[in-house]
Structures are given as C-alpha cells and as structure tokens.
Amino acid sequence: MAKFLSELVLSALTIVFAFYGCFHFISEIFVHFLPLGILLTAVLVLATYSLRTPPPAEEAVESIVGKDSLSSELEEGFVVKTIAHRGAGLDAPENTLAAFDLCHTAGCDFIEFDVTLTSDDIPIVFHDATLERMADSNLVIANTTFEVLKSIDLSTKHPLRERFGVTNIPTLYQTVTKLLANGQKMIIDIKDNNRKMVPIILDLYVKFPNLYSNAIVSSFFPNILYLVSLILIPLQMCIRNEADS
C-alpha cells in the first residue's frame, strides 16, 4: 500500500512539474517574442495601409454598374440586369464581334470578355489557352503570332455556323471600339499573369477615356489588378476633379 501511494505521489508530482515546465516555457516565449510579434504586425499593417490604392469614386462605380437593386434611390438610376458572359456564345462564336452585336440587338448592353496575349504581344479577345475547342486547330495562343491567329475561322465548330461568314478573333482595340460604338458597358477580364498586360490596359484607357465610365477591369491575378489600379484610380480621380473644376 505504501509503495502504491509513493508511486501515486511521484506520478502526481511528475505531472505537476511537467505542466509547470510547459507553462514556464510558454510564458518565456510570450515575454521574449510577443513584443516582437506585435511590432512586426504593426509594421505589416502600416505597410499594407500605405501601399493600398484608393477606392474608386462612388459616382464612377454607379455610372458603370448602376445602383444597388435594394437602394431607395433605385428609380433615379439604372440597374444592371444582365451581363453577357463572352457575349452571346450560344448564338454566335463566343468573344467575337458577331456575339457582341447579337447582345446589342437583344438589348443586353453589358458584356464580359477575355483578354490574352499572342506570342508577339498583341492583346486579343479569346478565353482558352489553345484553339482546340473553338476551331479546327490546336495552336497555342501564347506561342502563335497574331498574323496567324487572325486568319482562323471561329465559326467552324459552332452549331449555328451557317448563320455566319468567317468569324475571326478580334483584337482588344477592335472590341472596345465596337462596344463603345454600340453603347455597351464591359468587363475586361485579363487571363494572363503577365506584367505586359499592365501598360496595355493603361494605354487602352488613354486611347478610350470613356472607359472610365463604361468598363471594369477584372482578373484572377490580384498582382496585375493592383499594378493597374495604382495608376488608373488616381488618374480617374484627377480627370473627375478637372471636370468638376
């Protein structure tokens, strides 16, 4: 019995000392490293705040996407009801001028389209990495020049191809020109994680300043959007301030 009690006491003391050791170790970590952690967190927060881009003006956002559908001021502005993803892709080859024109005829004036680069850095409106799904070709877009791509007929695999003549891949500039002429707003979706897209988008807004009230730039790559917004949003504010003055 005495042996059992002594072993029990020894086990209890072992557990107590183990807990004490863990507590002491953790407290030492907090004492020595917590201030450093707080300092690093504060530096990170300040760096993030200083590097953030200003939000776009509320008026600019509403001029593109309309008012909140739950807004009490709904009667005073428009609401976007339909956005055509890659244009009218069921009725015409997707991401083509023919598809965008069909949307306009049907009364859909908000278009989403994709932008990617050819091997010679021409921005074209196309979604896939290859032509395989859309045409009788397996060419890779990034490895092919625009001179070759512009001759590809995208109507060959479309179920309603008899309604169209030859339907080619449009450039970004052709597409924007067409949509603005049609009075259509747009979502420009950047498909490439490629910094070459940044000056292309900036140049696009210089050539077509109406895009500030008619276009949204989107991408799955936040680094590209960040670099674009660093210039576009402040530039938009300058243009708006000059217009108001």
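This is a predicted model: local features need pLDDT of at least 70, side-chain atom pairs count only at pLDDT 80 or more; totals for chains, interfaces and linings use all residues.
Let me begin with the charged side chains. The count of salt bridges comes to 10. In one of them, Arg133 meets Glu94 at 2.7 Å, N to O. This pair links distant parts of the chain, 39 residues apart: Arg133 lies in the loop between β3 and α4, and Glu94 in the loop between β1 and α3. Arg133 is partly exposed, at 41% relative accessible area, whereas Glu94 is buried, at 13%. Arg133 also forms a salt bridge with Asp128, at 2.6 Å, and Asp128 counts as buried at 16% relative accessibility. Through shared partners, salt bridges join Arg86, Glu94, Asp114, Asp128, Arg133, Asp189 and Lys191 into one network.

Lys191 sits in the loop between β4 and α6, and Asp114 in strand β2, 77 residues apart. Asp114 is buried, with a relative accessible area of 1%, while Lys191 is partly exposed at 23%.

I turn now to helix α5, residues 172–182. Which of its residues are buried? They are Leu172, Thr175, Val176, Leu179 and Asn182. These residues lie on the same side of α5, because they cover an arc of only 135 degrees around the axis. The elements that cover them include α3, β2, β3, β4 and α6. Just after α5, Gly183 takes a positive phi of about 75 degrees.

Finally, the surface. Leu51, Tyr226, Leu230 and Ile231 make a nonpolar patch of about 350 Å². Helix α7, residues 222–244, contributes the largest share, 3 residues. Tyr226 is found in this helix and is partly exposed, at 31% relative accessible area.

Notes. Residues are numbered from 1 along each chain as its sequence is written. Side-chain values use heavy atoms; hydrogens and water are left out. Patches are made of residues with over 30% relative accessible area and no salt bridge: like charges are joined within 9 Å, nonpolar side chains (Val, Leu, Ile, Met, Phe, Trp, Tyr) within 5 Å. Accessible areas come from the Shrake-Rupley method with a 1.4 Å probe; for residues, only the protein chains shown count as cover. A salt bridge is a side-chain nitrogen of Lys or Arg within 4 Å of a carboxyl oxygen of Asp or Glu. Helices (H or I, at least four residues) and strands (E, at least two) are DSSP runs, numbered from the N terminus. Buried means under 20% relative accessible area, exposed over 50%, partly exposed in between (1.4 Å probe, protein chains only). The arc is that of the directions from the helix axis to the C-beta atoms. Contact means heavy atoms within 4.5 Å.
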